[in-house]
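Colleague: I would like to learn how to read the side-chain features of a model. Could we go through them one at a time?

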Amino acid sequence: VQLQASGGGLVEPGGSLRLSCAASGSILSINDMGWYRQAPGKQRELVASITRGGRTKYGDSVKGRFTISRDNAKNTMSLQMNRLKPEDTAVYYCNAGVIPIRLGYEYDYWGQGTQVTVSS
């Protein structure tokens, strides 16, 4: 099982980016999915998460600006980021609680990270 994150880049303050995460491999099911970020010198923090049923949770700093979504049929997740600020600059990681067919129980997987830089 692998998680592949994409969509990062350089954007000016006030701009938008959309991150995507795709899970591949022999997957039975995926429970919670989420995005985390880590800025230089800081701890990794939760940006947003979404349950299989679509219930969402957001970090206080991104509420009202970011929207998380998922497609259970395609094993994908997205993060729409609007009104970006310089303090949103970080490496963004996707995370998922995946039940691989070969295991039959949930295991925590992480994507490789994608850089988001907000700067003029």
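Modeller: We can begin with the rings. This is a predicted model, and a search of the whole structure finds 2 aromatic pairs in it.

Colleague: How are the rings of Tyr107 and Tyr109 arranged, and what does that make the pair?

Modeller: Planes over 60 degrees apart count as edge-to-face. The ring planes of Tyr107 and Tyr109 stand at 65°, with centres 5.1 Å apart, so this pair is edge-to-face.

Colleague: Which rings have Arg44 over them?

Modeller: A charge over a ring is judged by its distance from the ring centre and its angle to the ring normal. Arg44 lies over the face of Tyr93, 3.9 Å from the ring centre. The charged end of Arg44 also sits over the ring of Trp110, at 4.7 Å from the centre of that ring.

Colleague: Next, the disulfides. How many does the structure hold?

Modeller: A disulfide is a covalent bond between the sulfur atoms of two cysteines. The structure holds 1; it joins Cys21 to Cys94, with an S to S distance of 2.3 Å. The pair links distant parts of the chain, since Cys21 is in strand S3 (residues 17-24) and Cys94 in strand S9 (residues 90-100), 73 residues apart. Both cysteines, Cys21 and Cys94, are buried.

Colleague: Why is the disulfide of Cys21 and Cys94 called right-handed?

Modeller: The handedness is read from the torsion about the S-S bond, which is about 65° for Cys21 and Cys94, so the disulfide is right-handed.

Colleague: Which residues touch the most other members of the largest nonpolar core?

Modeller: A nonpolar core joins buried residues through side-chain atoms within 4.5 Å. The largest has 31 residues, and Trp35, Leu79, Met81 and Tyr92 touch the most other members. Strand S9 gives the most to this core, with 5 residues. Beyond residues up to four places away in sequence, Leu79 touches several residues, including Trp35, Val47, Phe66, Ile68 and Tyr92.

Colleague: Last, a loop residue. Where is Thr51, and what does it contact?

Modeller: Thr51 is in the loop between strand S5 (45-50) and strand S6 (56-58). At 15% relative accessibility, Thr51 counts as buried. Leaving aside neighbours within four places in sequence, Thr51 is in contact with Asn31, Asp32 and Arg70.

Methods:
Residues numbered from 1 in each chain as written. Predicted model: local features only at pLDDT ≥ 70, side-chain atom pairs only at ≥ 80, totals over all residues. Heavy atoms only, no water. Helix = DSSP H or I, 4+ residues; strand = E, 2+ residues; numbered from the N terminus. Buried < 20%, exposed > 50% of the residue type's maximum accessible area, 1.4 Å probe, protein only. Contact = heavy atoms within 4.5 Å. Disulfide = S-S within 2.5 Å. Phe/Tyr/Trp six-rings, centres within 6.5 Å; stacked < 30°, edge-to-face > 60°. Lys NZ or Arg CZ within 6 Å of the ring centre and 35° of its normal.
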